[in-house]
Amino acid sequence: MRGEQGAAGARVLQFTNCRILRGGKLLREDLWVRGGRILDPEKLFFEERRVADERRDCGGRILAPGFIDVQINGGFGVDFSQATENVCSGVALVARRILSHGVTSFCPTLVTSPPEVYHKVVPQIPVKSGGPHGAGVLGLHLEGPFISREKRGAHPEAHLRSFEANAFQDLLATYGPLDNVRIVTLAPELGRSHEVIRELTARGICVSLGHSVADLRAAEDAVWSGATFITHLFNAMLPFHHRDPGIVGLLTSDRLPAGRCIFYGMIADGTHTNPAALRIAHRAHPQGLVLVTDAIPALGLGNGRHTLGQQEVEVDGLTAYVAGCSVESALEAASLHPAQLLGLEKSKGTLDFGADADFVVLDDSLHVQATYISGELVWQAEAARQ
């Protein structure tokens, strides 16, 4: 009650002359914010008989929910999979720098590593609210080591693991405590994987299928056990085949639990996934698309040699590519859909009344002009300050 009274007495901000993404459409409406949340102006007018304390003219720009990145391995020279002495400061650096990209929440991602790395790193990256210091941490995404050797990609083969007789205990022995974990990517064809999926989902951890040679039946069985996500669709999995489409077939399968939405991550850079493949996936299952960066520590550093977990990678040219859907759909794929995947759609990924006031201001070319967390300006482009 005291918190509600405090919010009622807080300053009211009114963002005018803008287009708000709400209900899948860009609407010419004002956005009202108070106490860090989106406010219903009718209640303000008719119940409290108040008006805004401050108006901010948005110059006709787009206001969309803050972006949520559920797969980011690091950036700006920071590698989340490196067991350094300053893990927390590295995460803080990335959290601060991604504000300029419109990201208000993220899941730091660890690639396949030896147990001692997980035991040192995982406890040091707790869930944390966002603010002027940086984007919020929603929990860790552990990608590996329980994945296919054939589809390991950049994951080091020496540290890959399979499930032993006590499957879930083996996972705990590898990762350590799971308090800070939000997503685990594994290969569903591994023996005893389904009991692991059930144990993880029972603890509120999202299970994603990836780096796998699973056929469609194995993938469908994994969904029945509780899996809800596909890690970077098309990459590091069997290619689509008309007789057995593999994990990709989950997008149109009729053997899934009633009402279950399968989400799939896609790296829309024009390199990991051809734009035509992105369009095919989106047209087949638009409500499941989750845009991810899968960013590596080289993000923001340009060409050269950089680390990714226990390995070195060579970067030669960085590009970004968006194609295949409307502006509204693309924005929802970067905000609403990842929030739904994580069960946070009441508070994140939306500008509905009562939701957290995490949002991004964009121009017509979708360049980020400003980023807000809990209604507070946390980053602004130089040009927007004029």
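This is a predicted model: local features need pLDDT of at least 70, side-chain atom pairs count only at pLDDT 80 or more; totals for chains, interfaces and linings use all residues.
**Exercise 1. Pairing strands**

Step 1: Pick one residue pair to follow on screen. Glutamine 14 has tryptophan 32 as its bridge partner in β4.

**Exercise 2. A strand with two neighbours**

Work out which way the side chains of β2 point, and how β2 pairs with β7 and with β3.

*Solution.* Step 1: Start with the side chains of strand β2 (residues 19-22). Arg19 and Leu21 point one way, while Ile20 and Arg22 point the other way. In a regular strand, side chains alternate between the two faces of the sheet.

Step 1: Check burial, where buried means under 20% relative accessible area. All of these β2 residues are buried.

Step 2: Turn to β7 (residues 62-65). Its pairing with β2 is parallel and spans 2 bridges, and arginine 19 has isoleucine 62 as its bridge partner there.

Step 3: Look at β3 (residues 25-27). This strand runs antiparallel to β2, with 3 bridges between them, and leucine 21 stands opposite leucine 26. β2 and β3 form a hairpin with 2 residues between them, and glycine 23 in the turn has a positive phi of about 65°.

**Exercise 3. Covering a helix**

Decide how many residues of helix α7 are buried, and what they pack against.

*Solution.* Step 1: Count along α7 (residues 216-225): 7 of its 10 residues are buried, so by the under-20% cut-off the helix is mostly covered.

Step 1: Name some of them. Among the buried residues are Leu216, Glu220 and Val223.

Step 2: Find their neighbours. The buried residues of α7 pack against α6 (193-202) and β15 (206-209).

Step 3: See what follows the helix. Glycine 226 comes after α7, and its phi is positive, near 130°.

**Exercise 4. An annotated aspartate**

Locate Asp294, then ask: is aspartate 294 buried or exposed?

*Solution.* Step 1: The unreviewed UniProt entry places an "active site" feature at Asp294.

Step 1: Aspartate 294 sits in the loop between β18 (289-291) and β19 (304-308).

Step 2: Its relative accessible area is 15%, so aspartate 294 is buried.

Step 3: Leaving out residues up to four places away in sequence, aspartate 294 touches Gln71, Asn73, Glu143, His232 and Ile267.

Note on methods: Residues are numbered from 1 along each chain as its sequence is written. Side-chain values use heavy atoms; hydrogens and water are left out. UniProt positions are given in the numbering used here, feature names are shortened, and annotations may be inferred rather than shown by experiment. Helices (H or I, at least four residues) and strands (E, at least two) are DSSP runs, numbered from the N terminus. Buried means under 20% relative accessible area, exposed over 50%, partly exposed in between (1.4 Å probe, protein chains only). Contact means heavy atoms within 4.5 Å. Two strands pair if DSSP finds at least two bridges between them.
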